[in-house]
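Me: I am new to this structure and would like a close look at a single part of it. Please keep the answer plain and connected.

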Amino acid sequence: MHVTLRQLRVFEAVGRLKNYTRAAEELHLSQPAVSMQIKQLESNVGIALFDQVGKKISLTAAGHEMYQTSRIIENQLNETEQVLEDMKGFRHGRLIIAVASTANYFAPKLYAAFKSKYSAVTLNLDVTNREGLLAHLESNDSDMVIMGLPPKGIEVEAQAFMDNPLVVIASPSHPLATRKNISMERLQEETFIMREPGSGTRIAMERFFAEQGADLATGMEMSSNEAIKQAVQAGLGLGIVSLHTLEMELETKRLEVLDVEAFPILRHWYIVHRKGKRLSPLAKAFQQFILDNAANLLEMKSA
Ligand code: PGA
C-alpha cells in the first residue's frame, strides 16, 4: 500500500473533524489541497474512505480502518517527538492532560506550580466527565489523565495522590442545614439533583446508595457541578458533589455541607495512563510532581 505521511495526517484531521474546511484551517492548508490529498489517498488505497451526503461527510467501513491506523501513527509520532524533545532538553515539551470536570477545580493550581518549575512547557488540556476520560484512555491520545477511579476494562497504570470526599450539600435555609448526624432514612425523604450518567460523581453516589440499601430520589439532572450548586442554592433539592468543588461557596456561606451518617463518600484522585505507554520524560516529571506535591499544595490529605 502506497500511502504518504502527509496524506495520513490530512486524512486523520478530516476523519476527526468530519469537515474539510476545519481540517484545512487546522493544518494551515487550502481546502482544495486537503481535498486533493484525500482523493490521492483514496486512489492509492483503491477504495472510498468517506461518504458524502450533501455537506455531511462520514467515514466508510474502510475509512474507519484507516482512521484507527492514522491515529496510532499520529500518537506514535507525538510520543517520539516528546522523546526527541527531551534529548534536546525537555523543558520545551508539550504535555497533553485530560482531567475530570470535578478535578478542574484544583488542577489549575497544580499546572501553575508545575509551570513555575518548567516555564517553557506547553500544557494542552481537556476537561471532561468520566466518560470522556475513558475515551481518552481508549484512544491513548493524552499523556496523563486525572480521574476519580481507574477504569476496569482498559489496562492502565494508576496512582492515587489525594483524597476526594463526596459530601451532601444544601442551601443554608434548608431544614436539615443545622441538624446533626442526619440518618440515611431521613436523607431518603429528600430529592437530589444529579450529575449526568457519564459522570464519575454520579456513578459513585448511585453505588453508595445501593450499598447502603437506600433509595435515591432524583429530581433533576445537570451536566456540571456549577449547575448543581446553583440549583441547590436556589432550594431545588440536595446535591452530592466533591468537597473540592465547594471552596468558594463554603467561604461565602452560600451552601452548607450536611452532617449525614456514613458520609462523606470516600474516594481518591488518581493520575492514570495506558499500561505500556512510553511516557515522555516531561510526562514522567509531571506525574512525579503530582504525586509528591498535590496534597500539600492543595492542603488536602494525601490518598
Ligand atoms: P466527574 O468526575 O463526576 O466530573 O465525571 C470524575 C470522577 O469523580 O470520577
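Which residue just after α6 takes a positive phi, and what is the angle?

Reply: The model is a predicted one. The residue is N140, which comes just after α6 and has a positive phi of about 55°.

The helix α6 itself spans residues 130-139.

Within α6, the buried residues are R130, G132, L133, H136 and L137. Buried here means under 20% relative accessible area. Looking down the axis of α6, these buried residues fall within an arc of 160°, so they line one face of the helix. The face turned away from that buried side carries E131 and E138, both exposed.

Several elements cover the buried residues of α6, including the strands β3, β4, β5 (144-147), β6 (156-170) and β11 (265-274), along with the helix α8 (200-211).

Two of these covering strands, β3 and β4, also belong to the elements that give two or more residues to the lining of the largest pocket. The other such element is α4 (61-88), which supplies the largest share of the lining, 7 residues. The pocket holds about 430 Å³ of space and is lined by 20 residues. Nearest its centre lie N75, N78, R94, I96 and D141. By class, the lining has 10 charged, 7 polar and 3 nonpolar residues.

Methods:
Residues numbered from 1 in each chain as written. Predicted model: local features only at pLDDT ≥ 70, side-chain atom pairs only at ≥ 80, totals over all residues. Heavy atoms only, no water. 1 Å grid on protein atoms, 1.4 Å probe; cavity = no way out; pocket = protein on both sides within 12 Å on 5 of 7 lines; lining within 4 Å. Points joined across faces, edges and corners; volume = space filled by probe spheres on them. Helix = DSSP H or I, 4+ residues; strand = E, 2+ residues; numbered from the N terminus. Nonpolar A, V, L, I, M, F, W, Y, C, P; charged D, E, K, R; others polar. Buried < 20%, exposed > 50% of the residue type's maximum accessible area, 1.4 Å probe, protein only. Arc of directions from axis to C-beta. Contact = heavy atoms within 4.5 Å.
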